[in-house]
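Me: I have a structure open and would like to talk it through. Can you help me read it?

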Amino acid sequence: MTALLSVVVPCYNEEEVIGETMKRLKAFCAELSDLDVELIFIDDGSRDRTRQLLRSFAAEDERIRVIGFARNFGHQIAVTAGIDAARGDAVVLIDADLQDPPEVVHQMVAKWREGYDVVYGTRTERPGESAFKLATARSFYRLLNKLSDVPIPLDTGDFRLMSRHVVDTLRAMPERDRFVRGMVSWVGFKQTALPYKRAERFAGESKYPLRKMLRFATDGILSFSTKPLQMSIGLGLSAASLALVGILYAVAMRLFTNEWVEGWTALMIAVLFLGGVQLICVGILGEYIGRIYNEVKHRPLYVVQEYLGYGEHAPALSR
Ligand code: UDP
Ligand code: MG
C-alpha cells in the first residue's frame, strides 16, 4: 500500500492566491510517484471568495478536502483543525500564500524516509518582509528560546513535515492557546532542520497585523514558560531593595546630620515607582490566570460549519 501524505493549508481571505497555490500543489503532487496525497484546506472564516473557490476545487478533485470554519479562529487553530482531520502517514503544514515553496516538501519527504519524525523548515532568507517584521521576528525567537524550557528552533515557522507518531501526540494535547511550532518541539522524537529560502508572498497582504503578531508572541512565551512570573518576583525584590536604600539614607540623614530629606518629590517618585511595579506584576499574573480561565471553560477549539470532499467520512463538527 502506498503511504499517504496530508498537506494542510490554512487560508484566510486568500482569494488572490488560492488558485495559484492549487496549481503549484497539484504540480507538486504530480511529481510524487510513490505517495498518495490529500490536500486539506482550512477556510478560517474568510470574508472574500476563498470559500467558493475552495468549494469548486473540492468538487473537481477527490484529493481535495475543505474544512470551513464558522468564523475566523486564527492561524494556529486552523492548522490544528487540519492536523485533527489529516489521515496521512505524514502531515505537512504549509502557508497558502506560497511563501513556503511546495517543491521543498520533496526534501522533507526524503528526510522523513530516512527516519526523521519532524522535518522543520528554517528560513535562511526572507525577501519582501518589512525591516520591522524581520527585526521583531528575530528577537522574538531568541527571547522565546531564552525563556522556554524546551529548545524551540530559531527562525522556524510552521512549515514542516510531521510523522503519524507526532501528529497523534499533538492531537492528544488539548490546550487552548496553541503555539504549534513550540508544541511540536515539546513532543520530541527525531527532529531535523531543513534550511530553505522563503519566497515573497505571491499576492495580497499579510493576514498577521501587529495585533495578531503580539497575541501570537505572548501565546508563545506564556505557553512555554513561567519565567515571567519569576521575573515579576525579581522586579518586586529590586524595587524593595531600592526602597530600603532610600529609607536607610533618610534615617541616617536625620540621625547623624542637621539636614533631612524633605519635600513630596521623593515621596511621589517612590509611590509611582512601586505602583508601576505592582501593576506590571499583577498584569503578568492576570495573563496566566486568563489562560487558566480559558482552559477551564472547555469550549471546543473551533467550530466547523462544513466539511467538503469528505463523502460520508466527515469528522465531528467540533473538537
Ligand atoms: N491565516 C489564517 N488565519 C488567520 C491569519 C492567517 O488561516 O487568522 C493563514 C493565512 O491565510 C496564511 C497563513 O495563515 O496561509 C500565514 O499568514 P500570513 O501569510 O498572512 O502571515 P505572514 O507570512 O505574513 O507571517
Ligand atoms: Mg505569509
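Reply: Here is a short walk through the fold, the ligand and the record.
This is a predicted model, where local features need pLDDT of at least 70, side-chain atom pairs count only at pLDDT 80 or more, and totals for chains, interfaces and linings use all residues. Residues are numbered from 1 along each chain as its sequence is written, and chains are lettered from A and ligands numbered from 1 in the order in which they are written.

Me: How many helices and strands are there in the protein?
Reply: The protein has 10 helices and 8 strands, taken as DSSP runs numbered from the N terminus (helices H or I, at least four residues; strands E, at least two).

Me: And is it compact or spread out?
Reply: More spread out than a compact globule, because its radius of gyration is 25 Å, well over the 20 Å that the globule rule gives for 319 residues. The radius is taken over C-alpha atoms, and the rule is 2.2 Å times the number of residues to the power 0.38. The C-alpha trace spans about 90 × 40 × 35 Å along its principal axes.

Me: Switching topic, which residues are closest to ligand 1?
Reply: Pro10, Tyr12, Ala96, Ser206 and Lys207, out of 16 that surround ligand 1 (C-beta atom, placed from the backbone, within 6 Å). Strand 1 (3-11) and helix 3 (75-85) each supply at least two residues of that shell.

Me: Where does UniProt place the "transmembrane region"?
Reply: The unreviewed entry puts it at residues 233-252 and 264-289; such annotations may be inferred rather than shown by experiment. In the model, residues 233-252 are 100% helix, with end C-alpha atoms 28 Å apart. Residues 264-289 are also 100% helix, and their end C-alpha atoms lie 37 Å apart.
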